[in-house]
Amino acid sequence: MQLPAIEVDGLYFAYDKEYVLENINLTIYDKEYIAIIGPNGGGKTTFLKLLLGLLQPQKGKISIYGKEPSQAKNLIGYLPQQTNFNLDMPLQAKEIILQGRLSAKKFRFDKDDLTLLDEIAQKLNIAHLLHKKIGTLSGGQRQRVLLARALITKPKILILDEPTAAVDIEAQKEIYEILRNLSITRLVVSHDVNILLEGVDRVLYINRTLYIHDNLKLNIQKRDGHFCEMELFEELKKACIHD
Ligand SMILES: Nc1ncnc2c1ncn2[C@@H]1O[C@H](COP(=O)(O)OP(=O)(O)OP(=O)(O)O)[C@@H](O)[C@H]1O
């Protein structure tokens, strides 16, 4: 039997009076790779913040490997939207990644941390970048460094909010290739539907309510080699309703 990683039951959330998320019910299983898509303002980031325990639902329950989100923070590696990142930090990539191993109880790195750093750097193809200042890296290189920082905590779940928003197409492909090959539970919010949909197990479409789809052979045509995002949303909604 598949092990539930994230269970969401009757979830409602409002910042103010009006619900931004309404009656969300969902189980995500261990090691699943999930894409979260939907229009701007649809509630995707809010949903991630609820999973991370940064927001509390008005109604309903979230369970992360059987724990409340506030008790499960050490199980989740999180890569937030890139805009919050300070490029002026005079730190090397290696130092940024190793920050993931520090905590209120642990102030210094040990040999195991450095071994793990080497393993992850090989896996993400960033060994040659470890001594470079973070501000001198390209957008794609920087995202791989931040991904390494999330992974060095050895999370059971990786949550990424638009990890490829500001990187070129080649770097996007590299990042999604890495994500496809990880064997942990992964949730990725993205507008890069063309690349994202190639490898995921299921798609969540969030626009106040939730639609789930697990058959990606949708009846849409690529135009000039690309899917149209709005057309994809419409097809996905229809397909979910008919399932
Ligand atoms: N801190 C906040 N206070 C009040 N309203 C908020 C806050 N954060 C988000 N909202 C509102 O909640 C709704 C959902 O926002 P959210 O950021 O979750 O959407 P999203 O799907 O992630 O959008 P995008 O694709 O543009 O990032 C929007 O109407 C937004 O304006």
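Residues are numbered from 1 along each chain as its sequence is written, and side-chain values use heavy atoms, with hydrogens and water left out. Because the model is predicted, local features need pLDDT of at least 70 and side-chain atom pairs count only at pLDDT 80 or more, while totals for chains, interfaces and linings use all residues.

Helices (H or I, at least four residues) and strands (E, at least two) are taken as DSSP runs, numbered from the N terminus. Strand 3 is mostly covered, with five of its five residues buried; here buried means under 20% relative accessible area, exposed means over 50%, and partly exposed lies in between (1.4 Å probe, protein chains only). Tyr33, Ala35 and Ile37 point one way from the strand, whereas Ile34 and Ile36 point the other way.

Two strands are said to pair if DSSP finds at least two bridges between them. Ala35 takes part in both pairings: its bridge partner in strand 8 is Val203, and in strand 7 it is Val188. Ile36, in turn, stands opposite Leu204 in strand 8. Strand 8 (residues 202-207) is largely enclosed by the rest of the structure, because five of its six residues are buried.

Attention now turns to the ligand. For Gly43, a backbone N or O atom lies 2.9 Å from a ligand oxygen. For Lys44, a polar side-chain atom is 2.7 Å from a ligand oxygen, and for Thr46 the distance from a side-chain N or O atom to a ligand oxygen is 2.5 Å. On its own the ligand has 640 Å² of accessible area, and the protein covers 57% of that. Accessible areas come from the Shrake-Rupley method with a 1.4 Å probe; for residues, only the protein chains shown count as cover.

Charged pairs are the next topic. Side chains of opposite charge can pair when their charged atoms come close. A salt bridge is counted when a side-chain nitrogen of Lys or Arg is within 4 Å of a carboxyl oxygen of Asp or Glu, and a search of the whole structure finds seven. One of them joins the side chains of Glu32 and Arg202 (2.7 Å, N to O). Glu32 lies in the loop between strand 2 (19-29) and strand 3 and Arg202 lies in strand 8, so this pair ties together parts that are 170 residues apart in sequence. Both Glu32 and Arg202 are buried.

A further salt bridge links Arg101 and Asp113, whose closest N and O atoms are 2.8 Å apart. Arg101 sits in the loop between helix 2 and helix 3 and Asp113 in helix 3, so the parts joined are 12 residues apart in sequence. Arg101 counts as partly exposed at 24% relative accessibility, while Asp113 counts as buried at 0%. The side chain of Asp113 also has a polar atom 2.9 Å from the backbone nitrogen of Asp110.

Within helix 5 (residues 169-181), Glu170 and Lys173 are three residues apart and therefore separated by about one helical turn. They form a salt bridge with the closest N and O atoms 4.0 Å apart. Glu170 is partly exposed at 48% relative accessibility, and Lys173 is partly exposed at 43%.

Finally, the surface carries a nonpolar patch formed by Leu102, Phe109 and Leu114, with about 230 Å² of accessible area together. Patches are made of residues with over 30% relative accessible area and no salt bridge: like charges are joined within 9 Å, and nonpolar side chains (Val, Leu, Ile, Met, Phe, Trp, Tyr) within 5 Å. Phe109 lies in the loop between helix 2 (93-98) and helix 3 (111-123) and counts as partly exposed at 39% relative accessibility.

Technical notes:
A polar contact is a pair of N or O atoms within 3.5 Å; within protein, one must be able to donate a hydrogen and the other to accept it, and residues adjacent in sequence count only if both atoms are side-chain atoms.
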